[in-house]
Amino acid sequence: MTLSFKTKDRHGYSVKFSPYLPDRFVCATSQYYGIAGRGTLFVFDILSSGIEPVKIYEWNDGLFDAAWSENNENVVVVGAGDGSLLVYDVTNPKGPLKAFKEHSKEVSSVDWSPTRAENFILTASWDSTINAIWSPRLPGCFATASGDKTLRVWDRRTPQPQCTIQAHEGEVLTCDWNKYDQNILYSGSVDCSIRGWDIRNYNKPLCEMTGHRFAVRRVKTSPFNGNTLASCSYDFTVRTWDVRQPHAMEITEHHTEFVYGLDFNLHRPGQIVDCGWDSLVHVYKPRVLLDGSLIGMVPNPLVVTTLVEA
Amino acid sequence: MERLNVIASHLSMSEKRGMATSEVAGSVKLFSFNPDDIVVVAALRTPIGKSRRGVFKDTHGDDLLSQAFNGVLKSVNIRPDEIGDICVGNVNDARASVTARFAQFFSGIPHTVPVSAVNRQCGSGLQAFMNIAGGIKNKAYPLGLAGGFEMMSKSGMGGKGFDDMNPRIMDVKEAKDSLIPMGLTSEIVAERYGVSREVQDRFSMDSHKKAAAATKNGHFKAEIIPVTVEVEDMEGNRRTITVTEDEGIRGNTTMEVLAKLKPAFKQGGTTTAGNSSQTSDGAAAVLVASREEAKRRGLPILGTLRAFAVVGVAPDEMGVGPAAAIPQALKMAGLTIDDIDVYEINEAFASQAAYCVRKLGIPSEKVNPKGRWVWYPCVWEQEWELLPSSNIILETYVLRDLINVYKHLNFE
């Protein structure tokens with residue numbers, strides 16, 4: 001069953017489940033498709049009655065990404081169009097606790113280090129880096145996706161990248177680490193493909209997954225299965241993949257505009273939240289993930305079309 | 001605008017290059033991207049000053065227009081001698097084309113670049129844009145400059161040119177009606193179409209509030225070039241000031257305050273100083289090119305012209321033009337009222353604007369979201385209209401275009 005919410009006049013850019021509470025997530029949105037205007041951060045709870053906004057915070061510029069703190073269940077950091085990084089406490093009804101002005105351009109990506117003692121926040125901006133994600137397994141290590149068609153792996157103690165992967169034929173918009181193998185990384189690109197990489201030997205990709213008809217906006221690896229991946233795209237779809245086969249397991253068609261935000265629930269196996277420019281936020285489980293036995297080889301993608309009016 | 005370009009770059013590739021263009025995505029109108037499309041590559045305006053008492057009361061029109069020319073040229077780094085033609089919209093300047101020529105020379109644009117001026121009343125700036133667009137479409141030149149200015153401190157409404165009229169005008173009803181002052185046409189619209197004083201006041205208050213909020217939130221920053229001018233105070237001392245914001249927005253006005261104002265044009269009427277626009281000074285400029293030329297030069301594409309319509313209306317109800325022209329423009333573009341996200345409509349008088357919005361059935365949140373604070377006189381409309389046409393309406397079109405890239409892959 002799909003639960004939906006419409007963020008009226010606000011267009012979704014990013015969604016993130018809380019690592020602490022299984023039924024809480026945040027959604028970073030922008031007015032006028034993020035081209036101009038304001039931004040709104042929604043904190044949602046999933047209740048039996050549906051998706052309910054718990055807190056709504058306004059900001060003067062578009063909000064493009066959000067990340068939950070790893071050391072405090074109430075803290076969220078948000079990247080804004082004016083280059084600032086906003087720190088919110090969701091128990092505080094007012095605006096951000098703090099606004100750091102670190103970038104001169106739009107902050108397109110934020111990620112909180114999962115290494116508990118560190119509490120480092122990684123931000124990426126539209127100068128050239130698009131997406132930056134901490135390794136869930138190697139402390140101080142992170143990967144970046146950038147406009148120069150490369151994927152790079154960094155150690156925060158060294159200014160040079162540990163490896164530079166000529167990953168795609170177009171801009172790389174997104175990347176995520178395999179949560180079960182510290183050496184494996186996935187990237188999604190404007191060239192419509194998703195590729196898997198082994199950072200020990202990256203002359204050629206481990207795997208390539210095709211089917212998206214336009215740029216892949218975000219890829220996310222499952223916290224429950226090392227072979228499961230989800231992606232969303234400018235082609236209005238969300239696709240669920242098994243990395244061992246080149247085509248999607250399932251194609252979810254329930255948006256009518258670009259799909260920008262996507263995340264897996266860390267507590268509820270198979271549950272996904274997504275958001276897009278049609279202002280719709282959907283929480284659902286792809287059918288192939290409902291039953292563990294379906295995961296794996298499917299001869300053809302299962303196309304699930306649901307048009308939901310929230 | 002950079003954000004649009006970033007997203008456009010994300011759509012530059014697709015799974016199958018040159019996919020069939022026959023596919024249809026829902027109700028969204030699909031546009032193709034052609035090399036001969038008319039695109040806007042730069043658009044800027046000066047702040048708006050109140051005429052006679054405002055910041056530009058001691059400034060000349062050519063000075064202000066030249067600031068707008070300089071602004072757009074500098075913003076995209078074009079050599080002035082590469083401009084194919086200049087067209088400027090103006091209503092009240094008796095020698096507008098000469099004023100525009102002065103402005104051109106003040107901006108260092110050489111005499112080999114020609115200039116003309118055009119007057120289509122409130123739509124003069126838009127017409128200047130269309131004249132340049134037409135020149136580009138006809139392959140007369142690949143790049144041109146369209147502008148507009150009004151200096152109501154120096155040349156106000158009416159008056160000149162009406163002292164030696166043909167007496168026959170009085171025998172032809174529509175010719176005679178063309179002499180009705182604008183304020184009275186507003187009264188006619190209000191009466192003929194039942195737009196109450198309260199509706200007008202509320203429209204005006206909302207407009208001022210939207211404009212005040214847009215200013216406060218910095219939404220005009222990207223389109224306004226700060227202008228440094230000399231202004232004389234009450235004691236006759238001249239001082240130099242830099243103007244960065246519009247003058248005349250009454251963000252704190254209330255229905256009570258507006259309700260107290262007396263009718264300005266007719267006893268027992270409903271049009272007041274509060275629900276009519278102020279007279280203003282200001283200028284704007286837009287650099288226009290073919291898509292091919294913009295790409296060749298690596299210029300940013302702020303918007304694409306999709307349709308333009310002109311329709312005449314009866315002279316005794318001046319100002320209802322949008323209600324007649326918008327449906328035609330939409331029809332030409334193959335769009336419906338709902339397909340458009342933002343409408344920028346003339347707000348010379350609240351009566352006329354409110355009538356147009358009601359007649360067309362446009363949801364109020366889509367109407368002039370940055371506000372027009374019912375402030376600018378019909379004659380000022382032209383410069384202002386230019387900016388929305390690139391920044392707002394076209395922005396919306398571009399957004400739609402981007403979405404359409406999904407199906408239409410003529411975009412490189």
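This is a predicted model: local features need pLDDT of at least 70, side-chain atom pairs count only at pLDDT 80 or more; totals for chains, interfaces and linings use all residues.
Chain B was examined at the level of its overall architecture. Its secondary structure comes to 13 helices and nine strands. Of its 412 residues, 57% count as buried. The accessible surface of the chain comes to about 17,500 Å². Carbon and sulfur atoms account for 53% of that surface.

The largest nonpolar core has 40 residues. Those with the most contacts inside it are B:L65, B:F69, B:I86, B:I109, B:L145 and B:L287. Both helices and strands of chain B contribute to this core. The elements that each supply at least two residues include the helices α2 (61–76) and α3 (96–106). The largest share, seven residues, comes from α2(B).

B:I86 illustrates the packing in the 40-residue core. Residues up to four places away in sequence are not counted here. B:I86 touches B:F69, B:I109 and B:L145, among others. Its contacts also include B:V113, B:P114, B:V115 and B:I132. B:Q104 and B:S116 are touched too.

B:V98, B:F102 and B:F106 make a nonpolar surface patch of about 260 Å². B:F102 is found in helix α3 of chain B. Its relative accessible area is 35%, so B:F102 is partly exposed.

Salt bridges were counted over all chains, and the structure holds 37. In chain B, B:R202 pairs with B:E198, with the closest N and O atoms 3.4 Å apart. The two residues are separated by about one helical turn, because they lie four residues apart in helix α7 (residues 197–216). B:R202 is partly exposed at 38% relative accessibility. B:E198 is also partly exposed, at 49%.

A second pair in chain B joins B:R297 to B:E293, with the closest N and O atoms 2.6 Å apart. B:R297 is partly exposed, with a relative accessible area of 27%. B:E293, at 8%, counts as buried. Both belong to a network of salt bridges that also links B:R79, B:D81, B:E82 and B:R296.

In chain A, A:R244 forms a salt bridge with A:D242, and the closest N and O atoms are 2.7 Å apart. A:R244 counts as partly exposed at 48% relative accessibility. A:D242 is buried at 0%.

A:T237 is found in the loop between β21 (228–233) and β22 (238–242). Its relative accessibility is 5%, so A:T237 counts as buried. Its side chain makes a polar contact with the side chain of A:H212 at 3.5 Å. A:T237 also touches A:S231, A:C232, A:I251, A:T252, A:E253 and A:V259.

Backbone angles stand out in two other loops. Most residues other than glycine have a negative phi. A:D9 is not a glycine, yet its phi is positive, at about 60 degrees. A:D9 sits in the loop between β1 (3–6) and β2 (11–17) and is partly exposed, at 43%. A:N119 likewise has a positive phi, of about 55 degrees, without being a glycine. A:N119 lies in the loop between β10 (107–112) and β11 (121–125). At 29% relative accessibility, A:N119 is partly exposed.

Conventions. Residues are numbered from 1 along each chain as its sequence is written. Chains are lettered from A and ligands numbered from 1 in the order in which they are written. Side-chain values use heavy atoms; hydrogens and water are left out. A nonpolar core is a set of buried Ala, Val, Leu, Ile, Met, Phe, Trp, Tyr and Cys residues joined through side-chain atoms within 4.5 Å. Buried means under 20% relative accessible area, exposed over 50%, partly exposed in between (1.4 Å probe, protein chains only). Contact means heavy atoms within 4.5 Å. A polar contact is a pair of N or O atoms within 3.5 Å; within protein, one must be able to donate a hydrogen and the other to accept it, and residues adjacent in sequence count only if both atoms are side-chain atoms. Patches are made of residues with over 30% relative accessible area and no salt bridge: like charges are joined within 9 Å, nonpolar side chains (Val, Leu, Ile, Met, Phe, Trp, Tyr) within 5 Å. Accessible areas come from the Shrake-Rupley method with a 1.4 Å probe; for residues, only the protein chains shown count as cover. A salt bridge is a side-chain nitrogen of Lys or Arg within 4 Å of a carboxyl oxygen of Asp or Glu.
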